[in-house]
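I opened my notebook to get to know a new structure. Come along and look things up with me.

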Amino acid sequence: MELKKLAAALFIAGVVAPGAAYATNGYFQPGLSVKSVGMGGAGIAFPQDALAAAVNPAGMVDIGSRLDFGLSLFQPDRSVSATGAVYGPGGSGPYPITGSYSGNDTKNFLIPEFGYNRMINPNMSVGVSVYGNGGLNTGYSTIFPPFAPGMGVDMQQLFIAPTFAMKVNPSNSIGVTLNIVHQSFRANGLGALCQQLSGDPNNCTDNGHDDSNGVGVRIGWIGQLTPTFSLGVTYQSETHMGGFNKYSGLFANAGEFNIPANYGIGFAWKATPALTVAGDVVRIDYGSIPAISNGPNPGGPLGGSPNGPGFSWNSISVFKLGVAYEYNQDLTLRAGWNHGDNPIGTNNVFFNTLAPGVVKDHLTLGATYAINKSTELSFDYVHAFANSVTGPLPAPYFAAGSTETLSMSQNVLGVSVGWKF
């Protein structure tokens, strides 16, 4: 009977949960449940709901049998500004491009989350977490050449993560998650760029959404070192994805867009009976994925070989710190801070017009109210502070001294419902 319930949960989760539209630790979300986000995304050593496996699968055995569903309204503000001039076909011009350009053709996104966990016995659990790992979205109704009006991208990543966790003794828990991943991608308005730079311009832009699938794993451990202090460690392997065939002329290695390995360590300290402080340090290995990390001219045309140009993203470290305060038996209040390195340098701002993921700092707030012994309602709010990066536009396409500035800020409001059983 329980297997049937779990299968049904997996089916429902896969149907209702698309991937996230944009995220802010590079293209990863800063946190992966409403409760965790309210604490800056911290959760490696502090599981709170059935989305715990998205951060550390070991935490699932500590949360009991429960079902969680949430929805967040995401509002990014992305823009670029340019100064200088661009050369036209045959070296004509130069033509002025100075101005500001909004990438907000789509302003609002809904991001769902789903989690189910069942205790097999007091020391073992099985469950599933379903969530948008992250994504990229831009849309420019007006933009400077060689981009065309309507230029933009849309990438989404959906994780379905069945998990097994167990207590090896009263103080130590371990867990393993199978990440079943589906991602989709679309690019528009890159025709002139693809004609100039791509080895396969017919599979470079304006081909609608394409899909790819892959499988990876996440493992984790949580240890209760003292009655008030716990430590957690987690590792997720690189997820090898099938290539985007419709965009084999855009991404390096013929359309391959793998999901980078990431790993982290976290703590949770019960400072008082009512106050818990939690923090994580996470490393995201963007630098190992050619489509993400390759420079603007590493030795090949767009698409094709592993040496094709990319976004020039660096691997980043993310620092998450949060507090949870049990105001009374019904109400828990949360606050947090999330700081991530900016993966985008000044050397390739032009290509990152597609994906200006330059945000570094987030302030988060959250709360949970227990409606009754089995039902709770949670909220979070995130403000990602505006950040920008300025760099030169590349010769010989742009006049000497031409520059571009990438900018972004964000707001998120989320709500979730949890049922204990």
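My opening question: in which loop is Gln29 found? I looked, and Gln29 sits in the loop between α1 (2–16) and α2 (34–37). A reminder to myself: this is a predicted model.

I then followed the side chain of Gln29, which reaches the backbone oxygen of Gly132 at 2.3 Å.

**Confidence.** I checked pLDDT: the protein chain averages 92, and 94% of the residues score at least 70. Over residues 3–19, though, pLDDT stays under 50. For that stretch the model has 28 contacts beyond four places in sequence.

**Core.** I looked up the largest nonpolar core and found 62 residues in it. Tyr27, Phe144, Phe185 and Leu250 touch the most other members. Strand β7 (residues 152–169) gives the most to this core, with four residues.

**Rings.** I found 23 aromatic pairs in the structure. How are the rings of Phe144 and Phe398 placed? Their centres are 6.0 Å apart and their planes are at 80°, so I noted the pair as edge-to-face. The pair links distant parts of the chain, 254 residues apart. Phe144 lies in the loop between β6 (124–137) and β7, and Phe398 in the loop between β17 (375–392) and β18 (403–420). Both Phe144 and Phe398 are buried.

Last, I listed one aromatic cluster, whose members include Tyr27, Phe28, Phe185, Tyr247 and Trp313. Tyr27 and Phe185 were already in my core notes.

Technical notes
Residues numbered from 1 in each chain as written. Heavy atoms only, no water. Core = buried A, V, L, I, M, F, W, Y, C linked by side-chain atoms within 4.5 Å. Buried < 20%, exposed > 50% of the residue type's maximum accessible area, 1.4 Å probe, protein only. Helix = DSSP H or I, 4+ residues; strand = E, 2+ residues; numbered from the N terminus. pLDDT = per-residue confidence, 0-100. Contact = heavy atoms within 4.5 Å. Phe/Tyr/Trp six-rings, centres within 6.5 Å; stacked < 30°, edge-to-face > 60°. Polar contact = N/O pair within 3.5 Å; in protein donor to acceptor, adjacent residues only side chain to side chain.
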